[in-house]
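Trainee: Hi! Could you walk me through this one before I set up my calculations?

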Amino acid sequence: MTDPTDRFVLEIGHGTVAHVIDTAADADQTESNARLSLGSTAPGKKMCTRGNRSFRAQQVSFSTFVDQHDLEKTGFEGDAPDEICSYCWSNTRDALERDSADEETADRIGTVGYRLRWKQKGRAREEWYDVVVRPETTMAELDRLVCQFTTLDDLHLRLYGLEDEYLDSSLNVLPDHQYAQAGHRSYTKASEVTIADVAERAGLRRGDRLSLVYDFGTPSRYYCIVKEIYDPDEIDELLADSDVIVSTDTAAIVRVKRP
């Protein structure tokens with residue numbers, strides 16, 4: 001893992017405190033941040049939403065900053081010093097903890113289960129459903145559970161994919177009966193694809209958007225966020241819980257929020 005003090009730098013502007021900048025943030029995040037601020041900015045993502053960035057701000061390494069201010073810090077541990085934004089500091093610590101957990105999970109992708117929070121685009125805050133899946137859960141089983149709480153049914157063509165690729169899906173997964181109707185080799189039967197297959201292909205981690213399914217009949221868009229990662233014994237406990245709402249052999253809806 002890259003040393004956090006190499007990845008994160010301190011940006012010194014006109015404010016009373018320095019802000020933490022993630023230099024590893026991808027180009028899309030950096031461009032988005034630039035559009036929201038006044039004028040051009042240096043690369044990277046500011047680790048809080050307080051204030052605007054400026055191209056005149058100076059960036060220095062973590063080690064340089066702590067030396068200049070005589071701080072007894074070797075990394076982002078403990079409380080934030082007075083010279084650094086406490087919001088940035090807290091968010092940076094959280095990001096590093098998530099990265100550490102993701103590294104531990106990376107070697108087990110394909111052998112773990114997930115809690116998938118399904119939402120309808122445009123109604124994400126009003127209504128959602130948590131589906132727990134095992135590695136061996138098929139997309140067909142997941143499809144049956146998703147249909148329990150959406151406008152989707154056998155009359156509506158739906159296509160499962162990764163990220164926002166619902167119209168040009170990288171998975172090309174269709175429910176079995178619709179696969180037969182489509183009659184095209186580029187598609188895959190939902191019963192032949194497991195969550196482990198998708199997880200290994202996508203490098204699935206907590207916080208990722210697993211897939212988006214598009215209901216071509218309504219039309220509506222549904223997507224899910226990976227909320228938790230579970231070892232097999234943890235999934236067994238969840239599926240055995242008496243509060244399970246509806247289930248298949250290897251998956252279940254365990255929690256809902258409705259208007």
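This is a predicted model: local features need pLDDT of at least 70, side-chain atom pairs count only at pLDDT 80 or more; totals for chains, interfaces and linings use all residues.

Trainee: Okay, which strand does E2 pair with over four bridges?

Mentor: E2, residues 19-22, is joined by four bridges to E1, and the two run antiparallel. Between E1 and E2 there is a hairpin of six residues.

Trainee: What is the bridge partner of Glu11 in E2?

Mentor: His19 is the partner of Glu11 there. Glu11 also stands opposite Gln59, which belongs to E4.

Trainee: So how do E1 and E4 pair, and over how many bridges?

Mentor: They are antiparallel, with four bridges, and E4 covers residues 58-61.

Trainee: Nice. What is the strand order in that sheet?

Mentor: The order is E3-E2-E1-E4, an open sheet of four strands with antiparallel pairing. E3 (45-46) and E4 are at the edges and have a single partner strand each, so one side of each lacks a neighbour in the sheet.

Trainee: How many bridges hold E2 and E3 together?

Mentor: Two bridges, again in the antiparallel sense. In one of the pairings, Asp22 has Lys45 of E3 as its bridge partner.

Trainee: Is E1 mostly enclosed or open, and why?

Mentor: Largely enclosed by the rest of the structure, because four of its five residues, 8-12, are buried.

Trainee: And which way do the side chains of E2 point?

Mentor: His19 and Ile21 point one way, while Val20 and Asp22 point the other way, and all are buried.

Trainee: Let me move on to Met47. Where is it found?

Mentor: Met47 is in the loop between E3 and E4. Its relative accessible area is 10%, so Met47 counts as buried.

Trainee: What does Met47 touch, leaving aside neighbours within four places in sequence?

Mentor: Met47 is in contact with Phe8, Val20, Asp22, Tyr87, Cys88, Asn91, Thr92 and Ala95. There is also a C-alpha separation of 5.9 Å between Met47 and Ile21, which are 26 residues apart along the chain.

Trainee: Is Asp70 buried or exposed?

Mentor: Exposed: its relative accessible area is 69%, and the cut-off for that class is over 50%.

Trainee: What about H5, which of its residues are buried?

Mentor: Met139, Ala140, Glu141, Leu142, Asp143, Leu145 and Val146. That is seven of the eight residues of H5 (139-146), so the helix is largely enclosed by the rest of the structure.

Trainee: Now the other end of the chain. Which strand holds Val254?

Mentor: Val254 is in strand E13, residues 251-257. Val254 is buried, with a relative accessible area of 19%, and since buried means under 20%, that value passes the cut-off.

Trainee: Which residues does Val254 touch, not counting those up to four places away?

Mentor: Arg115, Asp130, Val132, Asp243, Val244 and Ile245. The C-alpha atoms of Val254 and Tyr129 are 7.8 Å from each other, although the two residues are 125 apart along the chain.

Trainee: Before I go, how many helices and strands does the protein have?

Mentor: Eight helices and 13 strands. Of the 259 residues, 45% are buried.

Trainee: And what share of the contacts joins residues at least 24 apart?

Mentor: 57%, taken among contacts between residues at least 6 apart in sequence.

Conventions: Residues are numbered from 1 along each chain as its sequence is written. Side-chain values use heavy atoms; hydrogens and water are left out. Buried means under 20% relative accessible area, exposed over 50%, partly exposed in between (1.4 Å probe, protein chains only). Contact means heavy atoms within 4.5 Å. Two strands pair if DSSP finds at least two bridges between them.
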